[in-house]
Amino acid sequence: MKQLFIDAAWGEQTDRPPVWMMRQAGRYLPEYRELREDYSFLEAISTPEVAAEISLQPWERFRPDGVVMYSDILTVLEPLGFSYHLESGVGPVVENPVESPADTDRERGDVREELDYVGALLERLTAELGEQAAVLGFAGGPFTLGAYVCEGVSSRSFMEIRRLRAEHPEAFERLLRAFTDILVEYVTYQEESGADAIQLFDTYAGLLSPSDYREFLLPLHQEILEAVDVPTIVFVRNVSGNLELLADSGADVVALDWTVDIGEAREELADADVAIQGNLDPALLYGEPDTVRERTREVIDAADEGGHILNLGHGVDRNTPVENVEAFFEAAKNADDA
């Protein structure tokens, strides 16, 4: 339910945790794969009626408490003049990556004009769902977006942006500033278009040292997240032991990856006025349905109190059995009976 989600995001006590999944609308669903036969990925996300149908596919099956828009974090590359496409087996490929410090000096286009299909999608979802579920928008964070445009493709280390940080710190900061300015406008546009909550995915910011995160990225996260009045969620991988950095971001909810002990995270964040989200290991959804239910209940029990949104610790894998996704949602919906 929408109100259940909002209450938990504000840190209030709820009868059960609201539930949704990262990558909720996607390749593990047969109806998604069937629809995608007629549309490329970029066609699907930029055609509001198609993107709305895909966004609602998991709603029709599982009735999650949050319905996330079907889009991509790289859409905001467009207003900065970057072009990208998806290659099978490779992932996103930036066609005109940053090759010199001069390439970080970007002219900014009009977000509302160039990404109007995102606003149209959110309006459709809001009209369809009403009070039944929260409509969730999202955006990539400035470091993660910068990592993609510097590397050109996905990477484990994203060394190019880290090298830019060391060799050309002014260019590094200029690139992050360019993305931040776009993101402030983008999340504001999502709120205006009906998003009930917004998640900032700065997934690879964990590659920065804690001191670099605090110096270079924390003020930018604060600026982006403070631009809206709806609840905000921040997600960064591999920050175990440094969760207070995310609590300082201004987000209302700190999303935890599966490597974090959720009970210990509660203790670490005890003095911070934040809710938590997460954090079942997505790989556990390959187990038997009863095991999925059991491990999901363990996460719920470990979270212990109000201000918890149940999710995975990262996106659902494309080959995950649908019946196990259903078991995950069932465990959340029945948590108040346990």
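Strands β2 (residues 84–87) and β3 (residues 91–94) run antiparallel and are joined by four bridges. Strands here are DSSP runs of E with at least two residues, helices are runs of H or I with at least four, and both are numbered from the N terminus; two strands pair if DSSP finds at least two bridges between them. Y84 has V94 of β3 as its bridge partner. Three residues sit between the two strands of this hairpin, and G89 in the turn has a positive phi of about 80°.

A word on the ground rules: this is a predicted model, with local features needing pLDDT of at least 70 and side-chain atom pairs counting only at pLDDT 80 or more, while totals for chains, interfaces and linings use all residues. Residues are numbered from 1 along each chain as its sequence is written, and side-chain values use heavy atoms, with hydrogens and water left out.

## The open sheet

Seven strands make up an open sheet with parallel pairing, in the order β1-β4-β5-β6-β7-β8-β9. Its edge strands, β1 (66–68) and β9 (308–309), each pair on one side only.

Within that sheet, β4 (residues 134–140) and β5 (residues 197–201) run parallel, with five bridges joining them. F138 stands opposite Q199 in β5. Helix α9 (residues 169–192) packs on the sheet and touches both β4 and β5, contact meaning heavy atoms within 4.5 Å. The direction of α9 makes about 170° with that of β4; axes are lines fitted to C-alpha atoms, for helices over the stretch in contact, and angles run from 0 to 180 degrees between N-to-C directions.

The largest pocket comes in at about 1,800 Å³. On a 1 Å grid over the protein atoms alone, a pocket is an open set of points with protein on both sides within 12 Å along at least five of seven lines, a cavity is a set where a 1.4 Å probe fits but cannot get out, and lining residues have an atom within 4 Å of a point. Grid points are joined across faces, edges and corners, and a volume is the space filled by probe spheres set on the points.

Of the 48 lining residues, R23, R27, D72, P92 and H314 are the closest to the centre of the largest pocket. Elements giving two or more residues to this lining are α2 (30–36), β2, β3 and α7 (142–151), and α2 gives the most, with three. By class, the lining splits into 23 nonpolar, 14 polar and 11 charged residues. Nonpolar covers Ala, Val, Leu, Ile, Met, Phe, Trp, Tyr, Cys and Pro, charged covers Asp, Glu, Lys and Arg, and the others, Gly among them, count as polar.

About 250 Å³ of space lies in the second largest pocket. It has 17 lining residues, and D15, R16, P17, I300 and A335 are the closest to its centre. Helix α13 (residues 289–303) supplies the largest share of this lining, four residues.

## What the record says

UniProt, in an unreviewed entry, lists residues 18–27 and 136–152 for "domain: Uroporphyrinogen decarboxylase (URO-D)". Positions follow the numbering used here, feature names are shortened, and annotations may be inferred rather than shown by experiment.

Residues 18–27 are 0% helix and 0% strand, with end C-alpha atoms 23 Å apart. Residues 136–152 are 59% helix and 29% strand, and the end C-alpha atoms lie 28 Å apart.
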